[in-house]
Amino acid sequence: MRSRAGFTLLELLVVVVIIGLLASYVGPRYFSQIGRSEVQAARAQMRALAQGIEQFRLDTGRFPTTAEGLAALQAAPPGVVGWRGPYLKQALPPDPWGQAYRYRAPADGHDFEIGSLGKDGQPGGTQDAADLVAH
């Protein structure tokens with residue numbers, strides 16, 4: 001008699017089930033980590049923008065207006081005296097979800113506010129879809 005080499009259907013099904021269980025356990029943890037890293041990247045970008053705004057204020061004696069926006073960090077707004085920018089090393093970045101950062105000055109008890117609407121692009125939300133704000 002000759003023996004056959006290979007796997008039975010039952011052995012293959014057991015392997016597929018094990019791989020499925022591992023994927024269902026590891027997958028959500030992996031994708032939640034990606035969401036957290038996007039939020040951390042957004043916070044780091046907002047800190048860099050806030051530093052640029054502070055430098056703008058030191059040079060010009062005022063914060064950029066809401067109308068001038070974050071573009072004032074890249075090009076001198078008309079009539080601004082003392083501008084020594086650009087205040088960012090690179091072009092104005094979008095948030096990690098591809099949307100433009102929002103800027104207001106003055107803002108609710110603060111000199112300025114930089115914000116992102118998060119992953120969903122809508123006001124409100126929770127976790128990685130929550131709005132992010134820096135002052």
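Glu113 sits in strand β2, which spans residues 113–116. The model is predicted. With a relative accessible area of 17%, Glu113 is buried, because the cut-off for that class is under 20%. Leaving aside residues up to four places away in sequence, Glu113 touches Arg102, Tyr103, Arg104, Ala107, Val133, Ala134 and His135.

One of these contacts is also a charge pair. Side chains of opposite charge can pair when their charged atoms come close. Glu113 and Arg104 meet through their side chains in a salt bridge, with an N to O distance of 3.2 Å. Arg104 forms a salt bridge with Asp108 as well, at 3.1 Å from N to O.

Asp108 is exposed, at a relative accessible area of 63%. Arg104 is partly exposed, at 33%, and Glu113 counts as buried at 17%.

A search of the whole structure gives 5 salt bridges. Among them is the pair Glu68 and Arg62, whose closest N and O atoms are 2.7 Å apart. Glu68 is partly exposed, with 21% relative accessibility; that value falls outside the buried class because buried means under 20%. Arg62 is partly exposed too, at 30%.

The table lists salt bridges described here.

| Residue pair | N to O distance |
|---|---|
| Glu68 and Arg62 | 2.7 Å |
| Asp108 and Arg104 | 3.1 Å |
| Arg104 and Glu113 | 3.2 Å |

Charge can also be considered for the chain as a whole. The protein chain carries 13 positive and 12 negative side chains, and the centres of these two sets are 9 Å apart.

The secondary structure consists of 1 helix and 3 strands. Read from the N terminus, the order of elements is α-β-β-β.

As to overall dimensions, the radius of gyration of the protein chain is 25 Å, whereas a compact globule of 135 residues would have one near 14 Å. Along the principal axes, the C-alpha atoms fill a box of roughly 95 × 30 × 15 Å.

Of the 135 residues in the protein chain, 30% are buried, and Glu113 belongs to that class. The chain exposes about 9,400 Å², of which carbon and sulfur atoms supply 59%. Considering contacts between residues at least 6 apart in sequence, 39% join residues at least 24 apart.

Conventions: Residues numbered from 1 in each chain as written. Predicted model: local features only at pLDDT ≥ 70, side-chain atom pairs only at ≥ 80, totals over all residues. Heavy atoms only, no water. Helix = DSSP H or I, 4+ residues; strand = E, 2+ residues; numbered from the N terminus. Buried < 20%, exposed > 50% of the residue type's maximum accessible area, 1.4 Å probe, protein only. Contact = heavy atoms within 4.5 Å. Rg over C-alpha atoms; globule rule 2.2 N^0.38 Å. Areas by Shrake-Rupley, 256 points an atom, 1.4 Å probe, with all protein chains shown as cover. Lys, Arg positive; Asp, Glu negative; His and termini not counted. Charge placed at Lys NZ, Arg CZ, Asp CG, Glu CD. Salt bridge = Lys/Arg side-chain N within 4 Å of Asp/Glu carboxyl O.
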